[in-house]
Amino acid sequence: MIIRLVCYDIKEDACRTKIFDKLEYYGFLPLQKSVFCGKLPSHQWENSAREIQKIIEKYGDPIKDKFLAVVISKNCAKTVFNLGRKTDIYTLLMEDNLVWI
């Protein structure tokens with residue numbers, strides 16, 4: 001499975017909510033309001049990316065809205081620096097008892 005860090009900047013509430021819900025549906029963990037981390041096989045990611053693109057086209061502004069997904073290695077996940085409420089991305093993503101749908 002490939003780990004992805006996803007972030008977005010979307011103006012319309014309806015569009016933003018639908019993307020939030022879609023990412024949670026695919027098992028992505030919200031790290032901040034518009035930042036998620038998760039892992040999916042490539043074929044599932046391709047399907048979810050198409051669904052998100054359709055949401056932006058239908059409910060958002062495909063010219064102004066921004067959606068970014070970056071592949072991160074397991075080593076990168078181990079070195080994440082955060083302040084405030086801590087989220088151990090590496091442990092969450094590497095736990096064998098998690099089921100990713």
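Which side chain meets that of Arg16 in a salt bridge? The partner is Asp13, with 2.1 Å from N to O. This is a predicted model, and a search of the whole structure finds two salt bridges. The model also has an open sheet of four strands, on which helix H1 packs.

**Salt bridges**

- Side chains of opposite charge can pair when their charged atoms come close.
- Arg16 and Asp13 both belong to helix H1, which spans residues 13–25. They are three residues apart, about one turn of the helix.
- Arg16 is partly exposed, at 27% relative accessible area, while Asp13 is exposed, at 51%.
- Glu51 and Lys22 form a salt bridge, and their closest N and O atoms are 2.8 Å apart.
- Because Glu51 sits in helix H2 (residues 42–59) and Lys22 in helix H1, this pair ties together parts that are 29 residues apart in sequence.
- Glu51 is partly exposed, with 27% relative accessibility, and Lys22 is partly exposed, with a relative accessible area of 23%.

**The sheet**

- The strand order is E2-E3-E1-E4, and the pairing is antiparallel.
- Strands E2 (29–32) and E4 (66–72) stand at the edges with a single partner strand each, so one side of each has no neighbour in the sheet.
- On average, neighbouring strands of the sheet are turned by 25° against each other, direction ignored.
- Strand E1 (residues 2–9) pairs with E4 in the antiparallel sense over seven bridges. Arg4 has Val71 in E4 as its bridge partner.

**Helix against sheet**

- Helix H1 touches E1, E2, E3 (35–40) and E4.
- The direction of H1 makes about 170° with that of E1.

Key
Residues are numbered from 1 along each chain as its sequence is written. This is a predicted model: local features need pLDDT of at least 70, side-chain atom pairs count only at pLDDT 80 or more; totals for chains, interfaces and linings use all residues. Side-chain values use heavy atoms; hydrogens and water are left out. A salt bridge is a side-chain nitrogen of Lys or Arg within 4 Å of a carboxyl oxygen of Asp or Glu. Helices (H or I, at least four residues) and strands (E, at least two) are DSSP runs, numbered from the N terminus. Buried means under 20% relative accessible area, exposed over 50%, partly exposed in between (1.4 Å probe, protein chains only). Two strands pair if DSSP finds at least two bridges between them. Axes are lines fitted to C-alpha atoms, for helices over the stretch in contact, and angles run from 0 to 180 degrees between N-to-C directions. Contact means heavy atoms within 4.5 Å.
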